[in-house]
Amino acid sequence: MKGLQDVESAPILEKTTQDDLLQPWYTVRSDWKKLRVVCVALVALFTLNASTPSGARAARHWALQAFRQHQSLTPEQVEELYLSVPDPASALAASREYATHPHIAGGIEDFADAQVILKLFQKEFGIRDTPGDIHKLRKPIAWIDKYFPVMNTPLDRALSILGEGGKPVWEADLVEDGDPRDPEAGKYRDAVPTFHGLSADGDVKGEIVYVNYGRKEDYDEIVAKGGSLEGKIALARYGGIKGAQERGAVGVLIYSDPRDDGVVTEENGYATYPEGPARNPTSVQRGSVQFISMYPGDPTTPGIPAYENATRTEGENIPKIPSLPISWANAEVLLKEISGTQAKDAFNMMGTPSEKKVRLVNHVHTRVIPIWNTMAVIPGHIKNETVLVGCHRDAWVMGAADPTSGTVSIHEVVKGFGELLRSGWKPLRNVVIASWDAEEYGLIGSTEWAEDFPEWIQQNVVAYINLVHLIKGVALDVPHPNDTDKTLWDARQDSGPFHSGMDGMDIKTMDASLEGHWDYVESELNIPPLGSGSDYTPFLQRLGVASMDQGFSGTLNDAPYHYHSVYDSQMWMERYGDPGFVRHVAVAKHLGLVVLRLTDSIILPLNTTHYTTELDAYLDKVESIASSLGAAADFTDLRKSIADLQAASAALDVEKVAAERHFRELLDKLPGRPAHAQGLPGWVKRVLRKILRHGVPAPVREFIKAAKRVQAANAKLVAFERGFISEEGIKEREWYKHLGVAPGKWLGYGATTLPSVTEALTFEGNATLAELEAARVSALLDELAKTIKP
């Protein structure tokens, strides 16, 4: 079956070991490991024993080479040059390259795309060497890492309504119609059959019960009405399987409901895609049914990398009952079976079983399948500080929006960084760029890599690009993609294009029950905390790496997005998703500037004080929940710990400003004519000039002390997110270790803040347990306050 075959790996680079990966970031001798911000020339001078004539000559020769290769651009020129590169025509061409064929994880096309991206890295970054000499890393390198998770592919599936004697009276067509007016959709309509990743194999029968989104409150309402899921097949708008399984359901059907599409629906007079912008009624949302709230990644190797010879478990985070994704066209038939008349009447009959039974067949081939992460490193001057940038590559079918739009933006970032490298730029910190595989099955590629190198990540990665002030600050510097009088930050208030011609119509809007789908306290910056559903999860919520996630999403007035359907196609993207590809370019510009400001800032632009302020709001939410439940829980100690952390963060704010000011003052006093007084290239040149002429005078020694002070402040900023990590993790899902934020137990991708405390109340109804969990958080915050205090 095209796109789903096992792939024999073509010759690729051998998988790097953890020791190999660690080596280039530890080239400084132990006596100088704290010297993080001093230029490579100074490192060379001292590690080569410059006290001897031969050592001094060697060090100065090496320093001179570094000096000659060093950038001559100011930070402002670096950003200006970068912003000149991302281009709509280039982005469009890249999208047409990646989004006009299927590339499901582990398939032939997926591996081919991994190699295409490897060649992009090699071309743009001038890479000729292989990772064989990674311990000598001074130039960019790129490679492909291979892992072996357990995944599934479809064999056969069926859905039918049974009449008397168990004979089918209706059989669903489970293939999207693949309208040939969309050429790729027509060509690949069944290249990747409509199925659920990591679904259980089975053949079951039962009455249909409509369960709305399958949220906890939906199941609670069914039980309150006297309903039951025992022996039934749940029919849900895109939601959760775990709750249905726990309540005795034998199978689950999930569909995309036009009520969630905003105003652009067939009912409101819009033609369906590809004739018009409304949802194609045969479109099907594929997806993974992994219980990501338990843990992501390979189901059979939680906490450890999925090597080919790994010791495996049964997989506790995957369903034990079969499921299928179905189209609205098929769901409408089943809903009429419940109501007996019109589909919409079934919405008021939640929990009422159908008269006839339904048969659900889902046969899948579950096995170990190889996947490929494509990686690149741009080495910086500071070897133990790394900014990690990533985007997944695999798609359920073509995935013009998910994930190719992200891949296209990364493509433009890579081109921009390539231009900078050719112009002499070298980042202060390392940059690692990753094209993750198998994200769609459950964040597998990124999770396995994070589980492979946890110590290195925690010791070196400063950010996986929730840095809210940084996000906003950069967005204010990037133009709006469609309105030159606005910034990218203003795009948060954008509305879709479908307004005209609607006067007098009975407009149906998105179902109000979607409200509350995310369990978080929104910040004053209007940037929510991260839950899950993308590749930041292992870095943020297991290893404590400050993270961000960005992109454009639809509004009520946009054409509905055919998520995970064959109609997530290049034609849909060019016509409705991003005509002109200006949004792709805006994201690339924003992302690139974020990376540049993280890599080249003297002090890392991480705002811990805003974070600590939000902790009060998180606790307010917990206290509100306790009050609504009548639970007499006392959170006084946690409130005090938050206040102490706020005070420590405020002191760190003062210190980091003073450290950078002192650093720059000494920089300006160094002998030699300034090249660029406001940027790092200038101090590198001045220090090198003095070394090459006179050795190491007192001003340089003072400068080294100032650099150490800057590094100490940066280490505290990086330690802040790490401070929320508890080795014991969250009860019943210990893989998640971040006690500040985690994906909600019942929210799918949504975030729950102070999760261990919140869930002790919402799921256990236990005020005593909530106080014990609050004490755990309080102890973490007390220790963190000591860590970051100057």
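## Close-up views of a predicted model

**View 1. Beyond its neighbours within four places in sequence, W328 is in contact (heavy atoms within 4.5 Å) with Y255, S256, D257, P258, P281, S283, L335, A343 and F347.** The model is a predicted one, in which local features need pLDDT of at least 70 and side-chain atom pairs count only at pLDDT 80 or more, whereas totals for chains, interfaces and linings use all residues. Residues are numbered from 1 along each chain as its sequence is written, and side-chain values use heavy atoms, with hydrogens and water left out. W328 belongs to helix α10 (residues 328–339); helices (H or I, at least four residues) and strands (E, at least two) are DSSP runs numbered from the N terminus. With a relative accessibility of 15%, W328 counts as buried, a term that means under 20% relative accessible area, with exposed over 50% and partly exposed in between (1.4 Å probe, protein chains only). Although W328 and V284 are 44 residues apart along the chain, their C-alpha atoms are separated by 7.8 Å.

**View 2. Helices α4 (residues 75–83) and α18 (residues 582–600) pack at an angle of about 155°, with their axes 10 Å apart.** That angle makes α4 roughly antiparallel to α18, on a scale where under 35 degrees is roughly parallel, over 145 roughly antiparallel, 65 to 115 roughly perpendicular and the rest oblique. Axes here are lines fitted to C-alpha atoms, for helices over the stretch in contact, and angles run from 0 to 180 degrees between N-to-C directions. The crossing of α4 past α18 is right-handed, a word used if the near helix is turned clockwise from the far one by less than a right angle, and left-handed if anticlockwise. From α4 the contact draws on V78, E79, Y82 and L83, and from α18 on A588, K589, G592, L593, L596 and R597. Sorted by class, the contact of α4 with α18 has six nonpolar, one polar and three charged residues, where Ala, Val, Leu, Ile, Met, Phe, Trp, Tyr, Cys and Pro count as nonpolar, Asp, Glu, Lys and Arg as charged, and the others, Gly among them, as polar.

**View 3. Helix α5 (residues 88–98) and helix α12 (residues 404–422) cross at roughly 130°, and their axes come within 9 Å.** This angle makes α5 oblique to α12, and the crossing of the two helices is right-handed. On the α5 side, S90, A91, A94, S95 and Y98 meet T404, T407, V408, H411, E412 and K415 of α12. The contact of α5 with α12 has four nonpolar, five polar and two charged residues.

**View 4. Helix α23 (residues 755–762) is largely enclosed by the rest of the structure, because seven of its eight residues are buried.** The buried residues of α23 are P755, S756, V757, T758, E759, A760 and L761. Their cover includes the helices α19 (608–629) and α24 (767–788), together with the strands β15 (741–743) and β16 (751–753).

**View 5. The largest nonpolar core has 148 residues, and those with the most contacts inside it are F417, W449 and I457.** A second, separate core of 36 residues includes I161, L335, A343 and L360. Such a core is a set of buried Ala, Val, Leu, Ile, Met, Phe, Trp, Tyr and Cys residues joined through side-chain atoms within 4.5 Å.

**View 6. Cis peptide bonds join Y273 to P274, with omega about 10°, and D402 to P403, with omega near 15°.** P274 is placed in the loop between β7 (251–255) and β8 (287–288), while P403 is found in the loop between β12 (382–392) and α12.

**View 7. Positive phi values occur at L198, near 65° in a residue other than glycine, and at F581, about 55° although it is not a glycine.** L198 sits in the loop between β4 (196–197) and β5 (202–210), where it is buried with a relative accessible area of 5%. F581 has its place in the loop between α17 (570–577) and α18, and at 1% relative accessibility it counts as buried.

**View 8. E184, in helix α7 (residues 183–187), touches T100, M398 and Q570, not counting residues up to four places away in sequence.**
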